[in-house]
Amino acid sequence: MSRFSSLKQLRAACLDLPAPDQSAADAAAAREAQLTKPPGSLGRLEELTAWLAAWQGRNPPALEKCEILIFAGNHGVAAQGVSAYPPEVTVQMVANFAAGGAAINQLARVNGAALRVTPLDLDRPTADFTEAPAMSEDEFLDAVGTGYDQVPDGADLIILGEMGISNTTAAAALSGALFGGGARFISTGTGVGKDGFGRKRAVIQQALLCHSDVLGDPLCAAAAVGGRELAAMMGACLAARHKRVPVLIDGMVSSSAVAPLKALRADALDHARVGHKSADAGHELLLRELGMTPLLDLGMRLGEGTGASVALLILRAALACHTGMATFDEAQVSGKAAS
């Protein structure tokens, strides 16, 4: 049985969200003020530590139990020629993840993070959303519930990643559905070339026109033009909020996947940070709509949670400074002179 029996129940879960632990954030800030450095001199590293503390509900926070959750799905819209690769590559890459041969495997190892890959009905692609909703209500709820159930109790942080041929088309269509502007969020994805790019744009515009009657509802829009792996990432992000687990979002696809939460409630992604800005132009536009600033900009666009996993190293650096530096008193260093 699916965790969510109806869109009404899911919508209620998306609106009923816990707040951060402000006392933990204040404790982190108070320690930062005593460390042997000028105030604010570590820039965003200081904010990141307070953010971790607020959502873990403790200071100092920890990054011992980090989980990288990858969701894989196939898309019926692939038949429209919007990707440079065939859908069977999704299955092949899932096998590559299992064998330890993908980029994300190496980054998980470097980070000491657990990596879990969840395939979602890869032998049964979503419907071609230029002709019909990508998922029925039940299919959408099942995918959201699958993602929700993958978030373990007691995690210190989760990273959201994905694999799915043609899912950048779904991501751009969903972003356009939520924030308007038609196909303006289009990205190069796997690199389809000029002709493929034109097909991709036309497909997105056709999908938005086909489902124009439901685009005012973020959840209905996600079912109509999204994908199973996008729905699962949304579910995982929602579960993390309910369990007060910080989240690192990856690139264009995972950002679009969690965007319906933001569309439903303005502070729904306060427990999340975007790990990196994808090289795809559509991601920068989407980040503006989400009001989120990425931690890194390295020209990456692989997906798989790779950009967010590199950003985890930044979080580890922030935490190392927060916990390892001496205070002015401990180091017997004179603090800031009184004015």
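First, a term we'll need: a cavity is a set of grid points where a 1.4 Å probe fits but cannot get out, and its lining residues have an atom within 4 Å of a point. Keep in mind that what you're looking at is a predicted model.

Let's begin with the second largest cavity, which has a volume of about 30 Å³. Its lining is made up of C14, L17, C237, L238, R241, L261, A268 and H271. Helix α10 gives the most here, with three residues. Sorted by class, this lining has six nonpolar residues, one polar and one charged.

Now move over to the largest cavity, at about 40 Å³. Around this one you'll find M135, F140, L174, A222, G227, L230, A231, M234, A257 and P260. Two helices, α10 (228-242) and α11 (252-264), each supply at least two of the lining residues, and the largest share, three residues, comes from α10. This time the lining splits into nine nonpolar residues, one polar and no charged.

Finally, let's visit H276, which sits in the loop between β5 (272-274) and α12 (281-290). Is this residue buried or exposed? H276 counts as buried because its relative accessibility is 3%, and the cut-off for buried is under 20%. Its side chain makes a polar contact of 3.5 Å with the side chain of D250. Leaving aside neighbours within four places in sequence, H276 also touches other residues, including I249, G251, H283, P294 and M300.

Notes. Residues are numbered from 1 along each chain as its sequence is written. This is a predicted model: local features need pLDDT of at least 70, side-chain atom pairs count only at pLDDT 80 or more; totals for chains, interfaces and linings use all residues. Side-chain values use heavy atoms; hydrogens and water are left out. Helices (H or I, at least four residues) and strands (E, at least two) are DSSP runs, numbered from the N terminus. Buried means under 20% relative accessible area, exposed over 50%, partly exposed in between (1.4 Å probe, protein chains only). A polar contact is a pair of N or O atoms within 3.5 Å; within protein, one must be able to donate a hydrogen and the other to accept it, and residues adjacent in sequence count only if both atoms are side-chain atoms. Contact means heavy atoms within 4.5 Å. On a 1 Å grid over the protein atoms alone, a cavity is a set of points where a 1.4 Å probe fits but cannot get out, and a pocket is an open set with protein on both sides within 12 Å along at least five of seven lines; lining residues have an atom within 4 Å of a point. Grid points are joined across faces, edges and corners, and a volume is the space filled by probe spheres set on the points. Ala, Val, Leu, Ile, Met, Phe, Trp, Tyr, Cys and Pro count as nonpolar, Asp, Glu, Lys and Arg as charged, and the others, Gly among them, as polar.
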